[in-house]
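Here is a short tour of one protein chain. Have the sequence and the 3D view at hand, and let's walk through it together.

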Amino acid sequence: MTRKILRIAPLVLGVAAAPALAQSDAERLDQLEQQVSSLQQQLTSAAADRVRFNGFFSTGYATANNDAGFAGIGEQSEVKDLSLMALQGTFTLTDDTQAIMQLVSRGEEDWDTELEWAYLSHQATNELQLRAGKMRIPFFMYSDSLELGYAQPWARPPQAVYGPVTVTSYVGADATYTYNLSGSSINTQLFTGFTDESSATSGNEVEFRNTVGINTEWTDYVWKVRAVAATAEVSVDSRLLGQLFGQNTYTLADGERGNFYGLGFGYDDGTWQIVSEVTRIAVDGPFYDTDSAYLTVGRRFDNIMPYATVGWIETKDDDERAGPLSAVLDRRRDEYSLGVRWDVLSGVALKLDWTHARGFGDEPGGLDAASVFAEDIDSTNVYTIKIDSAF
């Protein structure tokens, strides 16, 4: 009897322990599932932290009292002419390195999407940032936000200064060094590259090669002073002059040396905003050399800011041209704008603007020469309503 009991004892113990073992396996399985879920959440969170998207959108309507073509606007305009949508992605590769791209779709280009920015940015030290790829040409104070209307006080940047440079992006590299002072900082940027696409606005196709430049900016976060100088080999083909000479295009510059100089000033204490830029463009050959400037003064009343702008542009080498070249390329123009910006919501601004351009003299004022001469236009009024948003 005793021997029989000893034989069945292990079996009895195993049967008795079975529920406990099954319970232990279930607990381990639950624990494993929790660990896997936690790991998935961590991976998802890490991936989200490494990718960030934002964008901006603009739309509006502008019309003019004639077809002088100020900023490309005539009597007949469409909403899509002022409409664009952009999406910008920032991908963090390491703690110091990011990849940035910006896609822009413009209504006036049938909403075709273009890659406007695509570059790598590396923070080599606390003071030194290196970038390479396709970036915005840093000629102006508002170059980085050239199409981000929400970041600008105006319905459009003053055309006297921003209008002559129709190529806005380049492929190349830059290095920016930031020197922090007590309560202020100085940024100095060296850049070099070339344009990989031509601009056909204003009837000219423009390309820059072997561009080299430097800009430096001091700011105490209320006051700002900026200076820029750049040089490039410039090629310009004019379709309008080509038509006058019975050709497809007329070459105004073919790798000629072109220089750009600019000075900028800004003041923003949260109530008053004052912005001014002065530029000089000098290109060898028959292509025009210009001096231009503008001054904007705005005053904020809560979320509403009325502003006034005066601008001016004039060619400085008129004596170097004659005949059709002089008639099309010589230019002088004064600009006056009154407008108001209303920040309707966070990230949404409504802008109204009236711009009056005059002082053309016997020249087309840098506008549509055919319309100015045919209609004997000596001034133009442009009315704009625009919504800018950023998200």
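Let's begin with a facing pair: Tyr307 stands opposite Gly339 of β14. Please keep in mind as you look around that this is a predicted model. The strands β13 (residues 304-315) and β14 (residues 332-345) run antiparallel and are joined by 11 bridges.

On to the next pairing, where β14 also runs antiparallel to β15 (residues 348-358), with 11 bridges between them. Here Trp342 has Leu350 in β15 as its bridge partner. Two residues lie between the strands in the hairpin of β14 and β15, and in this hairpin Gly347 adopts a positive phi near 90 degrees.

## The chain as a whole

Stepping back, you will find five helices and 16 strands in the chain. Of its 391 residues, 41% are buried.

What about the surface? The accessible surface of the chain is about 20,400 Å², and carbon and sulfur atoms contribute 57% of that area.

## The second largest pocket

Now for an open feature worth a visit: the second largest pocket, with a volume of about 400 Å³. Its lining is made up of 20 residues, and those closest to the pocket centre are Asp144, Gln189, Asn215, Glu217 and Arg226.

The largest share, three residues, is supplied by β5. Sorted by class, the lining holds nine polar, seven charged and four nonpolar residues.

## A closer look at Thr176

Is Thr176 buried or exposed? Thr176 has a relative accessible area of 15%, so it counts as buried, the cut-off being under 20%.

Who are its neighbours? Leaving aside residues up to four places away in sequence, Thr176 touches Glu127, Leu128 and Gln129, along with Asn187, Thr188 and Gln189. One of these, Thr188, is 12 residues from Thr176 in sequence, and the two C-alpha atoms are 5.5 Å apart in space. Another of them, Gln189, brings us back to the pocket, as Gln189 is among the lining residues closest to the centre of the second largest pocket.

Terms used
Residues are numbered from 1 along each chain as its sequence is written. This is a predicted model: local features need pLDDT of at least 70, side-chain atom pairs count only at pLDDT 80 or more; totals for chains, interfaces and linings use all residues. Side-chain values use heavy atoms; hydrogens and water are left out. On a 1 Å grid over the protein atoms alone, a cavity is a set of points where a 1.4 Å probe fits but cannot get out, and a pocket is an open set with protein on both sides within 12 Å along at least five of seven lines; lining residues have an atom within 4 Å of a point. Grid points are joined across faces, edges and corners, and a volume is the space filled by probe spheres set on the points. Helices (H or I, at least four residues) and strands (E, at least two) are DSSP runs, numbered from the N terminus. Ala, Val, Leu, Ile, Met, Phe, Trp, Tyr, Cys and Pro count as nonpolar, Asp, Glu, Lys and Arg as charged, and the others, Gly among them, as polar. Two strands pair if DSSP finds at least two bridges between them. Buried means under 20% relative accessible area, exposed over 50%, partly exposed in between (1.4 Å probe, protein chains only). Accessible areas come from the Shrake-Rupley method with a 1.4 Å probe; for residues, only the protein chains shown count as cover. Contact means heavy atoms within 4.5 Å.
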